[in-house]
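Me: Please take me through the assignments in this model, setting each value against its criterion.

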Protein chains: 2
Amino acid sequence: MLPGVGVFGTGKLLEAVVPHLRSLGFRVVALWGQTLEDAGNVAGSLHIDYFTSRIDDVLLHKDVDLVLVLSPPSLQSQIAVKAMGIGKHVVCDRPAGLCQSELLKMVLAAQYYPSLLSVVGYGLRYLPAVRQLRQAVRDGYVGDVRLVEVRVTCGSLLEGAGYSWLCEPAMGGGLLSLIGSGVVDLVSHVIGQRARRVHGTLRTYTRQTRLIAGIRHVGSDDFCTFQMEMDGGALVTVSLNAHLSGLQQEVVVCGDWGHLTDGQYVAAVLEAVRVSAATQAWTQVNIRSRMLETNYLGMALKAADA
Amino acid sequence: MLPGVGVFGTGKLLEAVVPHLRSLGFRVVALWGQTLEDAGNVAGSLHIDYFTSRIDDVLLHKDVDLVLVLSPPSLQSQIAVKAMGIGKHVVCDRPAGLCQSELLKMVLAAQYYPSLLSVVGYGLRYLPAVRQLRQAVRDGYVGDVRLVEVRVTCGSLLEGAGYSWLCEPAMGGGLLSLIGSGVVDLVSHVIGQRARRVHGTLRTYTRQTRLIAGIRHVGSDDFCTFQMEMDGGALVTVSLNAHLSGLQQEVVVCGDWGHLTDGQYVAAVLEAVRVSAATQAWTQVNIRSRMLETNYLGMALKAADA
């Protein structure tokens, strides 16, 4: 039987996640929100019977066997560690915690009960375009990977919102934390190499908005660029820019045999251009974040069921 | 009367430059090539009466009043300095020399005879899209400039060529020298700020090609990324990648009021999107290098005539 699900968080993501979970046959039995009012509102609109603002009430709920941690990053680690300590499966959103020590605690907790499902939801991995990209790199289409260029442009992450943890880097806000963490995982996942040396620059240009114009101001980064030297010799350069509009991601992988980008696979050595139906899909991978998140959750949950 | 022109160099650029000069009413009277054979071939096909492989023969030619330096970068500084020393106008291709000391000599020579025309041909400035971009930035369309992202992708600069100065960074080869120098100028030109601190990474991945497969190998960079902190507070991030195909340049300028990119001017503060016919032209500025070079030469020469 599928496990009962307890959800931590009240973000917009839930509007997509909860119906998707139900369509997969899961029962969503409990919801946690930072305030009882938040929790009540979301539980009401999503028809979840039980809601609370106390973490333990969800964790100890007798019908909750799987915990979805979609709370602010500063709470994720403690919730996940506690849940695993009392024998519940955990799927946690990225970033999994605020710092290495928090993540380490989660890894240790996950190792203690190997039979428990413990997944950090790096959803980009499950985008069809990324899976094809990874397969093509593994099949040797580009040869040895030399360069990866990733560029993500979006509008302000604070659009239309008041002051919250998103404004505070120490609470997990900012481009590097929220998007960069996924990109780092994406690159390692696609090319199978891990970072050895890193250099980067963060900038916070928008310190006040219409809705955040009091004493407090925004401290989290709205521009980020970094380079990673990978252990297999590849160089990765990433640029994240929240000063544009829309949401667009482009990943270019160059190897000694050719490159994968914008729907074309060019084998420079073979001096032939082959465009297959499969590679067409790479054209400007547009992330639809909701779709994406539900996808990865769906997959993780299917794994839990198996 | 328009000055007689002496040309240094035998590259493909000449096929565009010489006819353009003539269409503007200039006489091209002398050509220099690294070997007499090269010079003879190009002079023959372009119907230039006098050709030589000795620098002084062109410089001292009685009908040469304006010198176009399109030679390999390692020779440019000495030719330009010598030409200015004997009272000839000079238009020199970028990069103007191999290092700061060479450039300094050129600047000193240019200051010695202020009446002489002395121009380094940063041709990107004269692209219509770049001129519009600059005007819009000056008109305050984006507000204070915070970020500039420049991305140039192209195929190998060594495509179909044997070993030459292009393979050797000490001779002026490589992306940073040939394209980066123009980009640095472009950014300063558009936003009116100069670099204060710089961090960058160069990579040479293609060390041998089909035509360069002997003892010698390529040492010049085929990937380059750098960030510049400008004196007005803007951050510039540049990525030059010669592992793709075609030639494409994209410049994004973000300010506190909005950004200019891909044909759209978004004023975030005004919460209004205005797309004018003029800004449409920014869509993916494609550099057509020949057109471009002839443009800047044409403009420089008109200035010389005035």
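**Strands, helices and ring pairs**

Me: What joins strand 4 of chain B to strand 5 of chain B?

Reply: Strand 4 (residues 66–69) and strand 5 (residues 89–93) of chain B run parallel and are joined by four bridges. Two strands pair if DSSP finds at least two bridges between them, and strands themselves are DSSP runs (E, at least two residues), as helices are (H or I, at least four), numbered from the N terminus. B:Leu68 stands opposite B:Val91 in strand 5 of chain B. This is a predicted model, in which local features need pLDDT of at least 70 and side-chain atom pairs count only at pLDDT 80 or more, while totals for chains, interfaces and linings use all residues. Residues are numbered from 1 along each chain as its sequence is written, chains are lettered from A and ligands numbered from 1 in the order in which they are written, and side-chain values use heavy atoms, leaving out hydrogens and water.

Me: Why are strand 3 and strand 6 of chain B said to stand at the edges?

Reply: The open sheet of chain B has six strands in the order 3-2-1-4-5-6, with parallel pairing. Strand 3 (50–52) and strand 6 (118–121) of chain B each have a single partner strand, so one side of each lacks a neighbour in the sheet. On average, neighbouring strands of this sheet are turned by 20° against each other, direction ignored.

Me: Which strands does helix 1 of chain B lie across?

Reply: Helix 1 (residues 13–23) of chain B lies across strand 1 (4–8), strand 2 (27–32), strand 4 and strand 5 of chain B, at about 155° to strand 2. Such angles run from 0 to 180 degrees between N-to-C directions, with axes fitted to C-alpha atoms, for helices over the stretch in contact.

Me: What makes strand 7 of chain A largely enclosed?

Reply: Buried means under 20% relative accessible area, exposed over 50%, and partly exposed in between (1.4 Å probe, protein chains only). In strand 7 (residues 145–154) of chain A, 10 of the 10 residues are buried, so the rest of the structure largely encloses this strand. Strand 7 of chain A pairs with strand 11 (residues 247–255) of chain A in the antiparallel sense over nine bridges, and seven bridges join strand 7 to strand 10 (residues 235–241) of chain A, which runs parallel to it.

Me: Which residues of helix 5 of chain A are buried, and what do they pack against?

Reply: A:Glu102, A:Met106, A:Ala109 and A:Ala110 are buried. The buried residues of helix 5 pack against helix 4 (73–85), strand 5 (89–93) and strand 6 (118–121) of chain A.

Me: Why is the pair of A:Phe8 and A:Trp32 called tilted?

Reply: Rings of Phe, Tyr and Trp (its six-membered ring) pair if their centres lie within 6.5 Å; planes under 30 degrees apart count as stacked, over 60 as edge-to-face and the rest as tilted. The centres of A:Phe8 and A:Trp32 are 5.8 Å apart and the planes stand at 40°, so the pair is tilted. A:Phe8 and A:Trp32 are both buried.

Me: What makes the pair of A:Tyr112 and A:Tyr113 edge-to-face?

Reply: The ring centres of A:Tyr112 and A:Tyr113 are 5.3 Å apart and the planes are at 80°, so the pair is edge-to-face. A:Tyr112 is exposed at a relative accessible area of 65%, whereas A:Tyr113, at 33%, counts as partly exposed.

Methods. Contact means heavy atoms within 4.5 Å.
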